[in-house]
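Hi there,

Here is the structure I promised to pass on. Please open it first, and then read my notes below.

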Amino acid sequence: MFLETSNLTKKFGGLTAINGVDFSVDKGKINAIIGPNGAGKSTYFNLITGVHHPSSGKVFFKGRDISTFPANKIAKQGLSRTFQTTNLFEKATVFENVVVGHRLRTKSNLFDAVFRTKREKEEGEKCKEKALKVLEYVGLSEITDMVVANISQEEKKRVAFALTLATDPEIVFLDEPTAGINPDETEKLSILIEKMAHEGITVCLIEHKMRMIMNMADKIMVLDYGEKIAEGTPEKIKSNDEVIEAYLGGDASA
Amino acid sequence: MRVILNKKMLIVSLIVLAILFPLFVPNQYYIHILTLAFIWTIAVYGLNLISGFTGYLSLAQAGFFAIGAYSLGLLTVKAGMSFWLAFILAPLITSIFGLLIGLVALRTKEHFFAIYTLCVGYIIYLVIDKWDRLTEGVRGLMGIPSPADIGPISFSTPLGQYYFVFVVLLLVIFLVYRIVNSLTGRSFIAIRNSEQLAQSLGISTMKNKLTSFVLSTFFAGVAGALYASFIRFIGPEISYTTVVFDLLTYMIVGGIGTLSGPLIGTLLIVWLSQNLQFLQDYRMLVFGPLLTMLIIFSPGGIVGSFHSWQLKRQERKRLNTGSLNN
């Protein structure tokens with residue numbers, strides 16, 4: 001098993017946000033999590049990536065129990081994520097935003113900083129090269145020196161992608177990567193996501209745009225009120241009565 | 001390339017200016033004021049590291065400044081230690097306090113961190129004020145020696161002190177420059193921009209915040225030790241809350257989170273308050289509104305505003321050349 005959650009549960013006080021979810025992410029594929037608003041999709045992501053810790057149940061990555069790891073340790077294992085709102089620093093350039101992404105693969109400490117050791121210089125170079133490489137990968141080579149405040153929403157999404165890629169991930173979690181951008185740009189981002197999957201990076205994403213998901217996902221899990229109500233290929237999900245009910249409230253005419 | 005050259009020239013000429021200053025202005029009083037300003041600048045650089053570059057507003061900086069000053073004072077006056085040993089130990093002692101307090105304080109965030117550290121600063125003040133068997137309390141600690149001579153170099157004259165403090169200041173600025181422009185500094189800045197994002201990028205936020213906080217207290221300790229050896233008399237009031245807000249003003253006016261901000265802000269405010277001395281305490285009537293206006297209209301301070309002006313100009317240039325090419 002590549003990444004697996006078993007009986008994953010999260011309670012916030014009296015509210016059960018995630019209730020006993022068993023799911024496994026397929027390696028090298030595009031895995032999607034869908035569900036109505038408030039279904040617990042983001043919480044599910046937060047549990048896997050260490051932002052929250054599960055109340056019960058476990059997260060296994062390559063057979064290792066990572067449910068109690070802090071977020072930074074999880075990132076080092078090769079699990080990277082984006083956030084729903086792009087958390088970029090608006091006043092800095094695209095390059096400056098991305099260059100910190102490779103920091104977790106470097107070892108330089110305060111001593112190296114003060115004495116500007118060979119290690120510091122080499123690793124600094126490595127980070128810069130990595131940043132330029134991932135920016136090229138996401139198609140932003142032209143605008144590396146632009147201030148983030150002055151670039152488009154779609155470009156910001158691409159910067160966020162570049163940032164996760166700079167961590168050398170094996171699996172990326174994308175929390176609504178196409179929220180707030182137009183259909184045309186959504187199409188372009190889908191192509192980028194598919195490119196990542198083709199090159200061996202496992203993708204796991206949350207989305208609301210059904211047409212996009214149904215076209216690109218290999219495997220879909222549907223959450224509703226914190227519980228998994230369906231899992232399978234897009235075809236299977238499309239014809240699942242429970243899913244249709246959760247989305248449309250009982251009427252299956254859609 | 002030309003910009004870098006210009007910057008280097010500017011720095012060199014500023015250093016030369018500072019070296020020549022006492023020759024042009026042989027007025028002891030001005031040298032005294034400038035030496036003091038340099039000492040405050042060092043403390044502000046520490047404050048800027050944790051608050052400006054890491055995003056945690058620490059209001060205990062005056063407390064740590066006082067720990068540095070009293071460490072030097074007590075070690076030399078009461079323990080009879082040699083000056084230079086005490087001068088090395090004082091910042092280290094301050095850093096140890098910083099480490100212990102940081103471990104607890106950094107579990108809080110944002111306003112809570114600011115309030116928590118404000119309280120820590122006040123507690124440090126109370127301890128110094130009330131524990132008079134150790135610190136002499138309100139009577140103050142007297143007879144602190146000035147830096148001992150090293151061979152032929154004497155630090156007992158105001159001029160010697162001025163150059164000594166200036167060299168330490170240069171060293172501090174150099175250290176902060178190196179740190180801010182390193183991978184470690186980049187981690188600090190990432191935490192400031194978004195702690196959640198930094199952590200999800202694999203940066204150990206607690207370790208980095210603690211490093212930054214301890215460094216900030218180290219610089220406060222250096223400044224405190226310099227102050228004690230310069231003024232040679234210290235009282236509890238150096239740890240009082242008003243001192244923190246002075247430091248904060250210097251930092252905000254100069255430019256929070258910038259490399260040259262602390263120096264510019266401190267020198268400017270010290271110079272201003274010297275020139276407005278005739279207004280006595282009514283000076284605050286000038287400073288208050290000025291500071292309020294600054295925070296509303298230009299929260300980046302002098303250096304921050306200059307940077308954003310430069311950015312805007314570059315952007316406009318880029319757009320212009322872009323349209324020309326089309």
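One definition before the helices: helices (H or I, at least four residues) and strands (E, at least two) are DSSP runs, numbered from the N terminus. The expected span of a helix is 1.5 Å times one less than its number of residues. Please keep in mind that this is a predicted model, in which local features need pLDDT of at least 70 and side-chain atom pairs count only at pLDDT 80 or more, while totals for chains, interfaces and linings use all residues. Residues are numbered from 1 along each chain as its sequence is written, and chains are lettered from A and ligands numbered from 1 in the order in which they are written.

Helix H3 of chain B (residues 61-78) has 18 residues, which should span 26 Å at 1.5 Å a residue, and the 25 Å between its end C-alpha atoms agrees with that. I call a residue buried if 20 or more other C-beta atoms lie within 10 Å of its own, exposed if 12 or fewer, and partly exposed in between, with C-beta atoms placed from the backbone. By that count 16 of the 18 residues of H3(B) are buried, leaving the helix mostly covered. Just after H3(B) comes B:Gly80, with a positive phi of about 65°.

Helix H13 of chain B (residues 283-297) reaches 21 Å from its first C-alpha to its last, close to the 21 Å expected for its 15 residues. Is H13(B) buried or in the open? The number of buried residues among its 15 is 0, so H13(B) lies largely in the open.

The core

A nonpolar core here means a set of buried Ala, Val, Leu, Ile, Met, Phe, Trp, Tyr and Cys residues joined through C-beta atoms within 7 Å. The largest one has 146 residues, and A:Ala162, B:Ile42 and B:Leu247 touch the most other members. It draws at least three residues from each of domain 1 (1-78 + 171-254) and domain 2 (89-168) of chain A; the domain bounds come from an automatic or database domain assignment. Contact means C-beta atoms, placed from the backbone, within 7 Å. Beyond its neighbours within four places in sequence, A:Ala162 is in contact with A:Val98, A:Val134, A:Leu135, A:Val138 and A:Leu140.

Between the domains of chain A

The centres of domain 1 and domain 2 of chain A, taken over C-alpha atoms, are 27 Å apart. Their contact takes 10 residues from domain 1 and 9 residues from domain 2. On the domain 1 side, H2 and helix H7 (183-198) of chain A each supply at least two residues, and H7(A) gives the largest share, 3 residues.

Between the chains

Chain A puts 29 residues into its contact with chain B, and chain B puts in 24 residues. Helix H2 (71-77), helix H4 (110-115) and helix H5 (118-137) of chain A each supply at least two residues of the chain A side.

A sheet in chain A

Two strands pair if DSSP finds at least two bridges between them. In chain A, 4 strands form an open antiparallel sheet in the order E2-E1-E4-E5, with strands E2 (15-25) and E5 (64-65) at the edges, each pairing on one side only. Strand E1 (residues 3-12) of chain A is joined to E4(A) by 5 bridges, and A:Thr9 stands opposite A:Ser56 in E4(A). Strand E4 (residues 56-61) of chain A pairs with E5(A) over 2 bridges, where A:Phe61 has A:Arg64 as its bridge partner. E4(A) and E5(A) form a hairpin with 2 residues between them, and A:Lys62 in the turn has a positive phi of about 50°.

Best wishes

Terms used. Contact = placed C-beta atoms within 7 Å.
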